[in-house]
Amino acid sequence: MLSLNLTNGRASELPFQYGEKLEFSLKWGFFPVGYAIMEVMPQGKYKGKDCLNLSFSVRTNKFADAFYKVRTSVESIVSQNFDRSLAYRKNQIEGGTIKQVEVVFDYSKGIAKYMENGEDERILEIPNPVFDPLAIAYLHRLNPMSQGLETVLPTCDGKRYREIVVRNGKSKNLSVPAGKFRVVPAVPEMKNLSGVFKKSPDGILQIWYSMDKRKIPVKISSKVVVGSFTAKLVKASGLKPLR
């Protein structure tokens, strides 16, 4: 089992780059319900240092808005060489839930500071390093996409810390609107994941990553509190060249 496969300061070895944009169509069962976008934003700075800004947004269409409206955006700020999360922000509108969350990871003090809807900070002790819920989707791309591989991802949303075990399944060919890919599914162990993400009691989450050097998420399937959904890659732009 691998614990982490970090770049040890070599940002050029990351399988993604500034400007990568992945666009997904969303379905609940057979019904199209919206779209999602994952993006590596242009190079930025955090507290004076170069960093990576990751963005995720999801929006439901008019059909889905009638029974479960979603307008959620998430931002993850990670060190430039991707060895730890620095901050995490979420603006969440999902059904009756409206929430603004900000988390700051202070490694000099070994704590995460969590603030929700502008209320007083909550403090959580953390090890070094940790990665927020969005960053781990990219962190897994640093590891080999090998069948049967198990990795441990140190994950923190500001309220809880968990070591998430992720197991790779069997490779297969997969067709999505963006094209045909050779992929391997990554399946997190839900008993640990439940502390960081909402899920249904028998929830399942799978992410199919391409087996090329980019290791892009091609399909996401999950059973969550509101039912089962599937996200399929429709368009990928700004990808790192294959060499």
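This is a predicted model: local features need pLDDT of at least 70, side-chain atom pairs count only at pLDDT 80 or more; totals for chains, interfaces and linings use all residues.
A residue counts as buried under 20% relative accessible area, as exposed over 50%, and as partly exposed in between. Ala178, at 32% relative accessibility, is therefore partly exposed. Among the stops are a pocket with a volume of about 320 Å³, a nonpolar surface patch made by four phenylalanines, Phe30, Phe31, Phe63 and Phe67, and a total of 8 salt bridges across the whole structure.

**The second largest pocket**

- The second largest pocket has a volume of about 320 Å³, and 13 residues line it.
- Closest to the centre of this pocket are Tyr46, Lys49, Arg84, Leu86 and Tyr107.
- At least two lining residues come from strand 4 (49–60), and at least two from strand 7 (97–106).
- Strand 7 gives the largest share of the lining, with 3 residues.
- Sorted by class, the lining is made up of 5 nonpolar, 3 polar and 5 charged residues.

**Salt bridges**

- Glu20 and Arg141 form a salt bridge in which the closest N and O atoms are 2.9 Å apart. This pair ties together distant parts of the chain, 121 residues apart: Glu20 sits in the segment before strand 1, and Arg141 in the loop between helix 2 (135–139) and strand 10 (150–156).
- Arg71 pairs with Asp65, and their closest N and O atoms are 2.8 Å apart. Asp65 has a relative accessible area of 23%, so this residue is partly exposed.
- Arg84 is one of the residues closest to the centre of the second largest pocket, and Arg84 also forms a salt bridge with Asp83, with 3.5 Å between the closest N and O atoms.
- Glu75, Arg89 and Glu102 are joined in a network of salt bridges.

**The phenylalanine patch**

- Phe30, Phe31, Phe63 and Phe67 together make a nonpolar surface patch of about 540 Å².
- Phe30 belongs to the loop between strand 1 (21–28) and strand 2 (31–40). With a relative accessible area of 79%, which is over 50%, Phe30 is exposed.

**Backbone geometry worth a look**

- Most residues other than glycine have a negative phi, and most peptide bonds are trans.
- The peptide bond between Asn128 and Pro129 is cis, with omega about 10 degrees. Pro129 lies in the loop between strand 9 and helix 2.
- Lys47 is not a glycine, yet has a positive phi of about 55 degrees. You will find Lys47 in the loop between strand 3 (44–46) and strand 4, and this lysine is exposed, with a relative accessible area of 68%.
- Lys215 also has a positive phi, near 55 degrees, in a residue other than glycine. The loop between strand 14 (205–210) and strand 15 (217–224) holds Lys215, which is buried because its relative accessibility is 17%.

**Loop residues and their partners in space**

- Ala178 sits in the loop between strand 12 (172–176) and strand 13 (179–188).
- Ala178 and Phe24 are 154 residues apart along the chain, while 9.2 Å separates their C-alpha atoms.
- Glu121 is part of the loop between strand 8 (111–116) and strand 9 (122–125), and counts as partly exposed at 45% relative accessibility.
- Glu121 and Val103 are separated by 18 residues in sequence and by 9.1 Å in space, C-alpha to C-alpha.

Terms used:
Residues are numbered from 1 along each chain as its sequence is written. Side-chain values use heavy atoms; hydrogens and water are left out. On a 1 Å grid over the protein atoms alone, a cavity is a set of points where a 1.4 Å probe fits but cannot get out, and a pocket is an open set with protein on both sides within 12 Å along at least five of seven lines; lining residues have an atom within 4 Å of a point. Grid points are joined across faces, edges and corners, and a volume is the space filled by probe spheres set on the points. Helices (H or I, at least four residues) and strands (E, at least two) are DSSP runs, numbered from the N terminus. Ala, Val, Leu, Ile, Met, Phe, Trp, Tyr, Cys and Pro count as nonpolar, Asp, Glu, Lys and Arg as charged, and the others, Gly among them, as polar. Patches are made of residues with over 30% relative accessible area and no salt bridge: like charges are joined within 9 Å, nonpolar side chains (Val, Leu, Ile, Met, Phe, Trp, Tyr) within 5 Å. Accessible areas come from the Shrake-Rupley method with a 1.4 Å probe; for residues, only the protein chains shown count as cover. A salt bridge is a side-chain nitrogen of Lys or Arg within 4 Å of a carboxyl oxygen of Asp or Glu. Buried means under 20% relative accessible area, exposed over 50%, partly exposed in between (1.4 Å probe, protein chains only).
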